[in-house]
Amino acid sequence: MLSEKMKILFLSPEATPFAKTGGLADVAGALPLALKGLGMDVRLVLPLYRTVRNGDFDIYPLGEDLEIPMGKQRLKAGIRGFRTEEGVPVYFIEREDFYDRPHLYGNEKGDYYDNFERFVFFSKAALNILEKISFKPDIIHCHDWQTGLVPCIIRESSASAFHADIPTVFTIHNLGYQGNFSEEKMSLTGLRRGDYFHPEGLEFWGEISLLKAGINYSNAITTVSPTYAREIRKSEYGMGMEGVLEKRKSVLHGILNGIDYHQWDPAEDSDISAKYSPSSMEGKALCKTSLIDEMGLDGSLKDRPLIGMVSRLDKQKGLDLFLEILDEVLALDVGLVVLGSGNEEIQAGLLGVSRKNPGRFSLRLGFDELLAHRIIAGADMLLIPSRYEPCGLTQMYALKYGTVPVVRATGGLDDTVVPFNPKNGKGNGFKFRAYTGRAFFTTIKRAVALYRNPKAWKNLMVNGMKEDFSWPRSAGVYMALYESVARGR
Ligand code: ADP
Ligand code: GLC
């Protein structure tokens, strides 16, 4: 079987260019293309969100509706098809009342009340389309809690079911999102309660945990960096799942994400003011000047450090540390550009300081992918002080754009950023370990001091631009894992 084209089905709650709230979308959009490049038949299933329905995608209906059992009801699911430019088939599960909404998972007030129903339905429907499209994958690769029930459903299915026995790989992109729901919803899963609702199964502190289901019932588990794979087995980072993960450590792997250089390369990026590369850096200064203009910052910042941040505004991302030292950072005679969306309290904190510092600190609240490119190209440094970071993509984007990352040494940030050593000219950024405002501020101060030494700074920028975090390398590691999981059956 393995000498033929391997067949992989990706199940993800988001993927670029269809729907995105964070890095998972970048990964689920790019990894299938890289795997296809290695000769695999990879297909992707997503919910048919409003962004897809109203977007510029040539989707087509695929046969009759399916009937999906949800407790005592049978709910209809439509199937739509699409083929990406690169030839990856994408299937969308259509159900207006579940997915035709302004957001993917919730609004400012919180998560949608029926996320359990929405994603259990998605998981079941995704498996049910396989027979219809006559595609029997060698591996089903599930991403995050939204697809965590899939390995369970496969285990429970009768031997005659089309999807019986397909091995699964489950990737944890963020242990902070566990998909924990009231046990009263157990009947909607169709699983026998006694067989699954227990501590060795999907029960977690009296609730159903879809993430735990994925961890306990998949054939292999991955997470998105080697350091995070170690961290989550300890209580500091395990979010209560450390014991569950420790028990499964023999099948837990840390595989560093790649980044998509077709989307993120200053030499090719048509969304930035001027293109540039290590051998021709003039464009970087132009990007900085345009960003200063666009964001209404003081023109004198052209010759001073311009510090950027592009982030979900969430506790995970270390915004509390940033708010704690913000006034001191501004006193260093630097400019600040922040793009973020999320938590209202953090938004209010940032707004307060930006209003007091017009021309010096420009804040954009919202999700704006093109502006993210312009900030990452135009800033001199990018701050990522995360409390925890499974992988983090923005530091790798920053490196490619010659924008020096200043990060906390955790998870994938620790795996990708190497402190610059002015003595031997090696390293690609700045890093601090203790989760304190002091440690963060001292590190920013060191970066600002080095900026005043143009030769050393250029050396540092170019080191980062020459790093290679492209997907094919990581895709090769996934391929080896898929093969060993498929062989283990
Ligand atoms: P996470 O997935 O935890 O948010 P990552 O660093 O893996 O962190 O990925 C974040 C992705 O989302 C990057 O592509 C980044 O550019 C993008 N992003 C984050 N916040 C915004 C925003 N406000 N506007 C546009 N893009 C954003
Ligand atoms: C999650 C993590 C982030 C990671 C991304 C893609 O959103 O928070 O660190 O880069 O998933 O794997």
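Predicted model: local features only at pLDDT ≥ 70, side-chain atom pairs only at ≥ 80, totals over all residues.
**Exercise 1**

Find which residues come closest to ligand 1, and state how many residues surround ligand 1.

Solution. 
Step 1. The shell around ligand 1 holds 22 residues.
Step 2. The closest of them are Gly23, Arg312, Lys317, Gly366 and Leu393.
Step 3. Sorted by class, this shell has 6 nonpolar, 9 polar and 7 charged residues.

**Exercise 2**

List polar contacts between the backbone and ligand 1, with their distances, and then state how much of the ligand's area the protein covers.

Solution. 
Step 1. The cut-off for a polar contact is a pair of N or O atoms within 3.5 Å.
Step 2. Gly366 places a backbone N or O atom 2.8 Å from a nitrogen atom of ligand 1.
Step 3. A polar backbone atom of Asp368 is 3.0 Å from a nitrogen atom of ligand 1.
Step 4. For Thr394, a backbone N or O atom lies 3.5 Å from an oxygen atom of ligand 1.
Step 5. On its own, ligand 1 has 560 Å² of accessible area, and the protein covers 93% of this.

**Exercise 3**

Identify the helices, strands and domains that supply the shell around ligand 1.

Solution. 
Step 1. The helices that each give at least two residues to this shell include α1 (23–37), α15 (369–378) and α16 (394–400).
Step 2. The strands β16 (306–313) and β17 (335–342) also each give at least two.
Step 3. At the level of domains, at least three residues of the shell come from each of domain 1 (7–258 + 471–486) and domain 2 (282–465).

**Exercise 4**

Describe the surroundings of ligand 2: the nearest residues, the polar contacts, the buried area and the origin of the shell.

Solution. 
Step 1. Around ligand 2 there are 14 residues, of which His173, Asn257, Glu389, Cys391 and Gly392 come nearest.
Step 2. The backbone takes part through Gly392, where an N or O atom lies 2.8 Å from an oxygen atom of ligand 2.
Step 3. Ligand 2 taken alone exposes 310 Å², and the protein buries 93% of that.
Step 4. The shell divides into 6 nonpolar, 6 polar and 2 charged residues.
Step 5. Helix α1 gives the largest share of the shell, 3 residues.
Step 6. Domain 1 (7–258 + 471–486) and domain 2 (282–465) each contribute at least three residues to the shell around ligand 2.

**Exercise 5**

State the volume of the second largest pocket and work out what lines it.

Solution. 
Step 1. The space in this pocket is about 330 Å³.
Step 2. Among the lining residues are Met281, Lys284, Lys288, Asp380, Tyr451, Trp457 and Met461.
Step 3. Helices α12 (282–294) and α19 (454–465) each supply at least two residues of the lining.
Step 4. By class, the lining has 6 nonpolar, 1 polar and 5 charged residues.

**Exercise 6**

Locate a cis peptide bond and a residue other than glycine with a positive phi.

Solution. 
Step 1. Most residues other than glycine have a negative phi, and most peptide bonds are trans.
Step 2. The bond from Thr16 to Pro17 is cis, its omega being near 0°.
Step 3. Pro17 sits in the loop between β1 (7–11) and α1.
Step 4. Asp165 has a positive phi, near 75°.
Step 5. The loop that holds Asp165 runs between α5 (150–156) and β10 (168–172).

Technical notes:
Residues numbered from 1 in each chain as written. Chains lettered and ligands numbered in written order. Heavy atoms only, no water. Near = heavy atom within 4 Å. Polar contact = N/O pair within 3.5 Å; in protein donor to acceptor, adjacent residues only side chain to side chain. Areas by Shrake-Rupley, 256 points an atom, 1.4 Å probe, with all protein chains shown as cover. Helix = DSSP H or I, 4+ residues; strand = E, 2+ residues; numbered from the N terminus. Nonpolar A, V, L, I, M, F, W, Y, C, P; charged D, E, K, R; others polar. Domains from an automatic or database assignment. 1 Å grid on protein atoms, 1.4 Å probe; cavity = no way out; pocket = protein on both sides within 12 Å on 5 of 7 lines; lining within 4 Å. Points joined across faces, edges and corners; volume = space filled by probe spheres on them.
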